[in-house]
Amino acid sequence: MMSITDPNMSNRFASAMEEIHNKHLKAYADIIDTTTELSHSHRQFVKSALDTCLRKCKDDEKLFESLGEFKGDLEQKQMALKERQRAIPETMSEVQHKEMQKEDIIQKIQKLKEDQMKRKELIKSHNKANKERLRNLEKASHVFQDHLGLEIRTVIYKTQLAKGKKLQFIFRNISLSDPDSACVITMGIKENGSYQIVSSNPVLECLPTLESRLQETNNLSAFLANVRKEFISKARP
């Protein structure tokens, strides 16, 4: 058995201790290297995760911003839709009102057409009656001329107050001193078929009364007889 004081033993022990110490140093170095690698890997992972989180946050911010814009646009569209929905009844009411106005205008136009046709027929009837009256007056002219010394002439007036074809009744044999002297009354026929006194020469003060009576009775013969009497009365005081 070796003694502890043996130099060889001491060297071996020192060598063993140094080997153990080296192993420990190597193991410690490996641990440090592994820790360094793990620390570096951890930093890389944390950096990558942080970058990913930052990108995700930015994407989320853009997404939230887009959602906000979409929400605002949607709200505007909803408001516009509500406005249109509120305007629909007013538009329908306006359309119905215009349709009613259209129907009313159509009815008025139809009534105007009917009234115009009636007026045309009435004017046609009056013109026919006036022509018939003028023909009758012209036929009776010879009878009046023979019995009453009356001459009937057709004249054309171009003044604004008395325009168109008129009849002049020329009375003679009124004045005893001058039988050929003429008393004249000019008459026409209105559109409604009534007689119109245009003028008389000499002027008869009672002519408006005689004209009114003529309008009531439509008796031209009696009117002319009364006019003759008035002319005689005026010429033979």
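**View A. Confidence by element in the predicted model.** Confidence in the chain is lowest in helix 1, with a mean of 79, and highest in helix 2, with 92. The score is pLDDT, the predictor's confidence in each residue on a scale from 0 to 100. Averaged over the chain, pLDDT is 81, and 86% of the residues score at least 70. Where pLDDT is low, the predicted coordinates should not be read in detail. The model is predicted, and local features need pLDDT of at least 70, side-chain atom pairs count only at pLDDT 80 or more, and totals for chains, interfaces and linings use all residues. Residues are numbered from 1 along each chain as its sequence is written, and side-chain values use heavy atoms, with hydrogens and water left out.

View B. Three helices and four strands make up the elements of the chain, in the order α-β-β-β-β-α-α from the N terminus. Helices (H or I, at least four residues) and strands (E, at least two) are DSSP runs, numbered from the N terminus. Of the 237 residues, 17% count as buried; buried means under 20% relative accessible area, exposed means over 50%, and partly exposed lies in between (1.4 Å probe, protein chains only). The chain exposes about 18800 Å², of which carbon and sulfur atoms supply 57%. Accessible areas come from the Shrake-Rupley method with a 1.4 Å probe, and for residues only the protein chains shown count as cover. Among the contacts with a separation of 6 or more, 36% join residues 24 or more positions apart. A contact means heavy atoms within 4.5 Å.

**View C. The largest nonpolar core.** This core has 20 residues, and those with the most contacts inside it are Phe169, Phe171, Ile185, Met187, Phe223 and Val227. At least two core residues come from each of strand 1 (150–158), strand 2 (163–171), strand 3 (183–189), strand 4 (195–201), helix 2 (207–217) and helix 3 (220–235). Helix 3 gives the most, with five residues. A nonpolar core is a set of buried Ala, Val, Leu, Ile, Met, Phe, Trp, Tyr and Cys residues joined through side-chain atoms within 4.5 Å.

**View D. Surroundings of Met187.** Leaving out residues up to four places away in sequence, Met187 touches Lys166, Leu167, Phe169, Tyr195, Gln196, Ile197, Val198, Leu214, Leu220 and Phe223. Among these residues, Phe169 and Phe223 are, like Met187, listed with the most contacts inside the core.

View E. Phe13, Met17 and Ile20 form a nonpolar patch on the surface, with about 310 Å² of accessible area together. Patches are made of residues with over 30% relative accessible area and no salt bridge; like charges are joined within 9 Å, and nonpolar side chains (Val, Leu, Ile, Met, Phe, Trp, Tyr) within 5 Å. Ile20 lies in helix 1 (residues 7–148) and is partly exposed, with a relative accessible area of 41%. The side chains of Glu19 and Lys23 form a salt bridge (3.8 Å, N to O). Both residues lie in helix 1, four residues apart, about one turn of the helix. Glu19 is partly exposed at 45% relative accessibility, whereas Lys23 is exposed at 53%.

View F. A salt bridge is a side-chain nitrogen of Lys or Arg within 4 Å of a carboxyl oxygen of Asp or Glu. By this rule the count comes to 10 salt bridges. Side chains of opposite charge can pair when their charged atoms come close. Asp104 is partly exposed at 33% relative accessibility. Glu151 forms a salt bridge with Arg153, with the closest N and O atoms 2.8 Å apart. Glu151, Arg153 and Arg172 are linked in a network of salt bridges. Glu151 is partly exposed at 22%, as is Arg153 at 38%.

View G. Most residues other than glycine have a negative phi, and most peptide bonds are trans. The peptide bond from Asn201 to Pro202 is cis, with omega near 5°, and Pro202 lies in the loop between strand 4 and helix 2. Asn173, in the loop between strand 2 and strand 3, has a positive phi of about 60° and is partly exposed at 42% relative accessible area. Asn218, in the loop between helix 2 and helix 3, has a positive phi near 60° and is partly exposed at 39%.
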